[in-house]
Amino acid sequence: MSPTVAMILALAVGTYAFRLVGPALHGRVELPARVQELLSAGAIVLLTALLATGALTEGGGFAGWARPTGVLVGAVLAWRRAPFVVVVLGAAGTAAVLRALGVA
C-alpha cells in the first residue's frame with residue numbers, strides 16, 4: 001500500500017470516528033457555557049481567516065483588487081439579506097467588471 005493511500009485511509013477513519021463520537025457522547029458530556037462561547041468564537045475566527053485568505057491571496061501573493069472587491073460586495077449583499085442568487089451574481093459581476101476594466 002502506498003503512503004498516500006494509507007494517509008487517505010487514516011483520514012477517512014479519523015473523520016468517521018469524529019462523526020460517531022458526537023451522537024455517542026450526546027447527553028453524557030456537558031460543556032460549560034464559557035467553553036461553548038469560546039468554541040463559537042473560534043469557529044467565527046476560523047471562517048473569517050478562511051474568507052480572508054481565499055479573497056486576498058492567490059499563488060502565495062496578493063490576488064489583486066477585483067476579487068476582494070467582489071467578496072466585499074457579496075458580503076454586503078448577504079448582510080442586507082439579499083437572495084443567494086443576487087449575492088453570487090453581484091459578487092461575480094463586480095469582479096468581472098473590474099477585471100474587464102483592467103483592474104487586476
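Student: Which residue meets the side chain of Arg 34 in a salt bridge?

Tutor: This is a predicted model, in which local features need pLDDT of at least 70, side-chain atom pairs count only at pLDDT 80 or more, and totals for chains, interfaces and linings use all residues. Residues are numbered from 1 along each chain as its sequence is written, and side-chain values use heavy atoms, with hydrogens and water left out. A salt bridge here is a side-chain nitrogen of Lys or Arg within 4 Å of a carboxyl oxygen of Asp or Glu. At 3.7 Å, N to O, the partner of Arg 34 is Glu 37.

Student: How are Arg 34 and Glu 37 separated in helix 2?

Tutor: Helices are DSSP runs of H or I with at least four residues, and strands are runs of E with at least two, numbered from the N terminus. Helix 2 spans residues 33-56, and the two residues are three apart in it, so their separation is about one helical turn.

Student: What is the N to O distance between the side chains of Arg 67 and Glu 58?

Tutor: By the rule above, the count comes to two salt bridges. In general, side chains of opposite charge can pair when their charged atoms come close. Arg 67 and Glu 58 meet in a salt bridge with an N to O distance of 2.5 Å.

Student: Is Arg 67 exposed, partly exposed or buried?

Tutor: Relative accessible area under 20% means buried, over 50% exposed, and in between partly exposed (1.4 Å probe, protein chains only). The value for Arg 34 is 54%, which counts as exposed. The value for Arg 67 is 23%, which counts as partly exposed.

Student: What is the geometry of the aromatic pair formed by Phe 62 and Trp 65?

Tutor: Rings of Phe, Tyr and Trp (its six-membered ring) pair if their centres lie within 6.5 Å; planes under 30 degrees apart count as stacked, over 60 as edge-to-face and the rest as tilted. A search of the whole structure finds one aromatic pair. Phe 62 and Trp 65 lie 5.2 Å apart, centre to centre, with 70 degrees between the planes, and the pair is edge-to-face.

Student: Where is Arg 81 placed?

Tutor: Arg 81 has a positive phi of about 60 degrees although it is not a glycine. Arg 81 is also exposed, with a relative accessible area of 75%. Its place is in the loop between helix 3 (66-79) and helix 4 (84-100).
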